[in-house]
Amino acid sequence: MLTDIHPKLPMRNKETTKDYYINQLGFKQFGNRDYDGYLMIEKDNIQIHFFEFKDLNPKENYGQVYIRTDNIGRFYQDLLDRTVEIHPNGKLDIKPWGQKEFSLLDPDSNVLTFGQDAI
């Protein structure tokens, strides 16, 4: 019965968020309309939505999303080639729970963790 999930994360500045996700991570804007204070982006089979929160303190933001991938090595290398900053504690590694993962921090300190089965 459930078919999709589209996480909603806070953003302070729509243009900064849009630039990061589109120009650095390779997403594209979803839809053909632009909404004031709201952004929808997509890549492959996922969407992430953002709502404007101008007073957000990035040091107090706990927004997180876990994104599964089927080729984590290639995606990780693509981000390195684009000189995207990887989270200092989130380099590509196999975790004790059997997932190969890495993490990024977006401009508002939302954590994006990408993972794939290590087996």
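Two strands count as paired if DSSP finds at least two bridges between them. The views below show a predicted model.

**View 1. The β3–β4 pair.** Strand β3 spans residues 38-43 and strand β4 residues 46-52. These strands run antiparallel to one another and are joined over six bridges. Within this pair, K43 stands opposite I46 in β4, and M40 stands opposite H49 in β4.

**View 2. The hairpin turn.** Two residues lie between β3 and β4 in their hairpin. In this hairpin D44 adopts a positive phi near 55°.

**View 3. The β1–β4 pair.** Here the pairing is parallel, with four bridges between β1 and β4. P10 stands opposite F51 in β4.

**View 4. The sheet as a whole.** The sheet is open and contains four strands, in the order β1-β4-β3-β2. Its pairing is mixed: β1 and β4 are parallel, whereas β3 and β4 are antiparallel. At the edges lie β1 (8-11) and β2 (28-29), each of which pairs on one side only.

**View 5. Helix α1 on the sheet.** Helix α1, made of residues 14-24, packs on the sheet and touches β1, β2, β3 and β4. The direction of helix α1 makes about 0° with that of β3.

Note on methods:
Residues are numbered from 1 along each chain as its sequence is written. This is a predicted model: local features need pLDDT of at least 70, side-chain atom pairs count only at pLDDT 80 or more; totals for chains, interfaces and linings use all residues. Side-chain values use heavy atoms; hydrogens and water are left out. Contact means heavy atoms within 4.5 Å. Axes are lines fitted to C-alpha atoms, for helices over the stretch in contact, and angles run from 0 to 180 degrees between N-to-C directions.
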